[in-house]
Amino acid sequence: MKRPVRVVIQSRLASTRLPGKALLPIHGLPSAVLCAKRSANTGLDVVIATSSHPSDDANAATLAQVGIACIRGPLDNVLERFALATRDLPDEAVVVRLTADNVFPDGAFVDALVHEFFRRDAEYLGTKSPFDGLPYGLSAEVFSVKVLRQAVLEARSTYDKEHVTPWIVRAVGNGEPFKPVELTEDLSHLRCTLDHFVDYERLLMVFAKTSDPIGVSWQELCRLLATLPDEPRFRVPYRLVGNRFHSEMTLGTVQLGLPYGVANVTGQPAEADAIEMVNEAVKHGITHIDCARAYGKAEAILGKALNVKLRAPLTIITKLDPLSELAAGTKPWLVQKTVEASVFGSCHDLRLQSLDVLMLHRWEHYSDFDGAIWHQLLSMKQGGVIRSLGASVQTPEEALQALQEAEISYIQLPFNLLDWRWKNAGLPEAILKRPDVTVHVRSALLQGILCAKPSFWPQLDNVSGDQIQQWTRSISELTNRFNRKNTRDLCFAYVRAQPWVSSVVVGVETRAQLDENMTLFRNPPLSPDEARVVEETLVGAPENLLNPACWSQP
């Protein structure tokens, strides 16, 4: 018996980021209408599920005018809307979920998804960006009406009801994501959803190149999207961290706010250049940006960059002020107010109502003033001003202590191919016991000296010129041996080879540096065997070389 198939498209006008987007015209059609007609272009049964809220009256009226079936239900319980849209179907029928802000899927795409669903005899099948290799926004999900009805009965959380399929995925969706056989290259660096006005402008340019917006294939739309002049050509590699994808490169911003680094010969970039670099990083798949209250103008510059509506979700990590003005014996109320001033100052400069991640810039602040600083941060997290807490640490001892604090979910530490302190202290094993902690590594290039001439290295009493010459020579030889593009590539590849490292914080002074670094991250990390050769070849450096705070200028 052939199972009935119905496409249900969720749509509403009350979008917070782009209000009324379902009625924005693309090639002469409201975007929701274009989405429905494209998904029905092979004869599929299509229904749009919008809300019964007055804000969607215009949406429903527009759909009625063009003859597209529409049902109305709760504004925030989209799961219930899907149940209403399929109430006339038997349990064995199949429902395909689309969203009206994704206008690339066509009938052929949906047909291929349903065919694969039947072939696998699955309970659920869907795309999953970026793992499917499709542009962000070219997405769809399919499941049985029976499973949908189970979800309506058992889903309890607001999140499950708003996003329709989380309960279904948890219950029956453990398979590999759908990837069309026609997809011959990775296009996950592209974006075709309609979420911000810049997305709308992008879609207008794509569809302006077509003569038939309803019949044009999804493959042709992808090809046209890739040819737009401002589109990225690749995506920075990512890894799964806490069941979410995380770019292996995190953009560091200290150089955007200060003339930082002993190997920095270009100085602090102009504000416009800094903002452009932030946008380029996000465009190429950077998911996290690292900042700090102490990084000069970095927070304010980043805030301006965020204000232009970046094209992808982004996690901002910033750090508490060093609080150097607090002397021993400072009264608790003044400690509290000083911490509040730092946190709200970061919110103001970053132009955010709450901070994604707030780190202690100095680990001693965890216990200073009888824990008053940390307790105030916990209070602000409970109040919703801070979503996650972390710590920037300098030594293995500090890192091990931080891992004992259950509220810490981010740790940042310095690590590079000369630094054996962390492994000797057993930190990788300790991190494995805290899978909820995201580990960011800074100083992979040791402020650039690992890629610089020996003359740029700091002059230290316990480090001879011969040792520096040997280190630089060995690093160069390893670069050639492992066929890396340059020493910077080797340094990144070694750190990325560590399974306990989530991401590498990399600062830049110029657009050229950013482009080079992102390109280098496309190269694979060292293999475990290659990493062992590095460790056998390079002798661990002394503490004062690994800690730039101990340096004098060369």
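Tutor: Start at Pro548. At 21% relative accessibility, Pro548 is partly exposed. Here buried means under 20% relative accessible area, exposed means over 50%, and partly exposed is in between, with a 1.4 Å probe and protein chains only. This is a predicted model: local features need pLDDT of at least 70, side-chain atom pairs count only at pLDDT 80 or more, and totals for chains, interfaces and linings use all residues. Residues are numbered from 1 along each chain as its sequence is written, and side-chain values use heavy atoms, leaving out hydrogens and water.

Pro548 sits in the segment after helix H22 (543-546). Helices (H or I, at least four residues) and strands (E, at least two) are DSSP runs, numbered from the N terminus. Ser443 is 105 residues away from Pro548 along the chain, yet their C-alpha atoms are separated by 9.4 Å. Cys550 is also partly exposed, with a relative accessible area of 40%.

Move on to Leu446. It lies in the loop between strand E17 (438-442) and helix H18 (465-481). Its phi is positive, about 50°, although Leu446 is not a glycine. Leu446 is buried, with a relative accessible area of 0%. Asp121 lies in the loop between helix H4 (107-120) and E7. Asp121 is exposed, at 68% relative accessible area.

Pro130 is placed between strand E7 (124-126) and strand E8 (141-144). The peptide bond joining Ser129 and Pro130 is cis, with omega about 0°.

Next, helix packing. Two packed helices are described by the angle between their axes and the distance between the axes. Axes are lines fitted to C-alpha atoms, for helices over the stretch in contact, and angles run from 0 to 180 degrees between N-to-C directions.

Take H18 first. H18 and helix H21 (residues 528-537) pack at about 160°, with axes 11 Å apart. That makes H18 roughly antiparallel to H21. The classes are these: under 35 degrees is roughly parallel, over 145 roughly antiparallel, 65 to 115 roughly perpendicular, and the rest oblique. The crossing of H18 and H21 is right-handed. A crossing is right-handed if the near helix is turned clockwise from the far one by less than a right angle, and left-handed if anticlockwise. Ser474, Leu478 and Arg481 of H18 meet Val533, Val534 and Thr537 of H21. Contact means heavy atoms within 4.5 Å.

Now H13 (residues 332-350) and H14 (residues 368-382). Their axes come within 9 Å and cross at roughly 40°. H13 and H14 are therefore oblique to each other. On the H13 side, the contact is made by Val335, Gln336, Val339, Glu340, Val343 and Phe344. On the H14 side, it is made by Phe369, Ala372, Ile373, Gln376, Leu377 and Met380. An α-helix has 3.6 residues a turn, so residues three or four places apart point the same way. H13 passes H14 in a right-handed crossing.

H11 (residues 271-283) and H12 (residues 298-306) cross at roughly 60°, with axes that come within 9 Å. This pair is therefore oblique. Glu271, Ala274, Ile275, Val278 and Asn279 of H11 make the contact with Ile301, Leu302, Lys304 and Ala305 of H12. H11 passes H12 in a right-handed crossing.

In H1 (residues 31-39), 8 of its 9 residues are buried. Among them are Val33, Leu34, Cys35 and Arg38. In H3 (residues 78-85), 6 of its 8 residues are buried: Val78, Leu79, Arg81, Phe82, Ala83 and Ala85. The buried residues of H3 pack against strands E1 (5-10), E4 (45-51), E5 (70-73) and E6 (94-99), and against helices H5 (145-154) and H6 (158-163).

The whole structure holds 0 disulfides, a disulfide being a pair of cysteine sulfur atoms within 2.5 Å. Cys70 shows why: its sulfur is 13 Å from the closest cysteine sulfur, in Cys35, too far for a bond. Cys70 is partly exposed, at 28% relative accessible area.

Rings of Phe, Tyr and Trp (its six-membered ring) pair if their centres lie within 6.5 Å; planes under 30 degrees apart count as stacked, over 60 as edge-to-face and the rest as tilted. By this rule there are 15 aromatic pairs. Phe415, Trp420, Tyr494 and Trp500 form one aromatic cluster.
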